[in-house]
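The sequence and the structure are shown next.

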Amino acid sequence: METDTIAAISTPVGEGAISIVRLSGEQAIPATAKLFQGTNLIEANTHTIHYGKIMDPAVNEVAEEVMVTVMRGPKTFTREDVVEINCHGGMVAVNRVLEIVLEQGVRIAEPGEFTKRAFLNGRIDLSQAEAVMDVIRSKTDKAMSVALKQMDGRLSELIGRLRQELLETVAHVEVNIDYPEYDDVEEMSNTMMQTKTKEVHGELENLLQVAKQGKILREGIATAIIGRPNVGKSSLMNTLVQENKAIVTEVPGTTRDIIEEYVNVRGVPLRLVDTAGIRETEDIVEKIGVDRSREVLQDADLVLLVLNYNEPLTEEDEKLFEAVQGLDYIVIVNKTDLEQQLDLDKVNELAAGKPVITTSLIREEGIDQLESAIATTFFAGDVDTGDMTYVSNVRHIQLLKQAKQALEDAMESLEIDMPLDIVQIDVTRTWEFLGEIVGDTASDSLIDQLFSQFCLGK
């Protein structure tokens, strides 16, 4: 592991009240002390903040007026000495301070290197490190809550307990094989192994059952809004987003391209995609938009199929019902403020049990019912982030599936009375897959790849 001192700007690019340059490593305090005019930072107590000026040694001039925070390891995020230089917001000021710091033999940090050092120094495991990025990218309060619980170690503790149970089982088998003469060691039987593998398998199944919900909270529901032109798709988008993101006119075919926006619906993040109206058209540009709409439909987790209350059901509408078969979808009958022309009995028949919501977007009627239907479709109406341990990371979900499959292989071997030393091979594989989640058995290349996705300065 590299132990040189690193530095980076830890605040977003642009103007603001303050910007922060963060340093970590054994030279973090001495390097800053050389530049700081004020308190003697070498003798400063840990976790204290000091007012002063950063000097530019090259010209012996004041470069910036700052507040410097000194934090001595191991009680820091990286478990190394950490210094944070708080300077005026704006790119010129913060870049000038960073440049001066780097001239003291400090190097620029790689993306995610501060968090990587926290992981390598044993302060957090790999799942907690990934949760740091999830906190930054959270789009709703509930997604934030799930990420914070993972960062706090809830998933790590569960995975650690399951791995310990598997390890004790494997160790018990090894003792029986290597030291059969020890009478005081209980012999691991086929029945005992079956009991233990079923217990762990049940825990993995529980985690995977809520994994879809966790993934949704983390990444959002890819939601396609489809329908014939001028049924109110763009109006629906604008109502949910509460901004005029999409152009709304009485002219059919106005939306020619895909418009995307995130929206929070009762704690559930929706990645809304307003598509071009799907219909047969000779307009080349509109046709391209229609083709793209059909592609978006294939990747959607949820489809909002919009119909016009003021128009009879058409053949194109019925084709849309055919297109969404096998998908999660909600039918929205819009424009109920106008005279009814739509056969609602026929619509309910085509919906085949899927929710049918009536709305008047111009009057903002029916939105609560729509939001409730969306939440119910994916979370039975309530998103619980309290005591439940959610798995939201795709990498974690894949490893849990592999661990579950390895345990099922072990259970099948037990059913046909395979020797326990053969069965334990699959049990050990399960232990290794779970270890990759927390980083105990993860390769260096995987660790490097994961941390490279972090923002600079984190």
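## Surface patch

Patches are made of residues with over 30% relative accessible area and no salt bridge; like charges are joined within 9 Å, and nonpolar side chains (Val, Leu, Ile, Met, Phe, Trp, Tyr) within 5 Å. Accessible areas come from the Shrake-Rupley method with a 1.4 Å probe, and for residues only the protein chains shown count as cover. A salt bridge is a side-chain nitrogen of Lys or Arg within 4 Å of a carboxyl oxygen of Asp or Glu.

The model is predicted: local features need pLDDT of at least 70, side-chain atom pairs count only at pLDDT 80 or more, and totals for chains, interfaces and linings use all residues. Residues are numbered from 1 along each chain as its sequence is written, and side-chain values use heavy atoms, without hydrogens and water.

Ile416, Met418, Ile422 and Ile425 form a nonpolar surface patch of about 350 Å². Ile416 lies in the loop between helix H14 (394-415) and helix H15 (420-438); helices (H or I, at least four residues) are DSSP runs, numbered from the N terminus. Ile416 counts as exposed because its relative accessibility is 60%, where exposed means over 50%, buried under 20% and partly exposed in between (1.4 Å probe, protein chains only).

## Nonpolar cores

A nonpolar core is a set of buried Ala, Val, Leu, Ile, Met, Phe, Trp, Tyr and Cys residues joined through side-chain atoms within 4.5 Å. The largest has 29 residues, and Leu400 is one of those that touch the most other members. H14 gives the largest share of this core, eight residues.

## Annotated site

An unreviewed UniProt entry annotates Ser234 and Thr255 as "binding site"; such annotations may be inferred rather than shown by experiment, feature names are shortened, and positions follow the numbering used here. Ser234 lies in helix H9 (residues 233-241) and counts as buried because its relative accessibility is 8%.

How values were computed
Helices (H or I, at least four residues) and strands (E, at least two) are DSSP runs, numbered from the N terminus.
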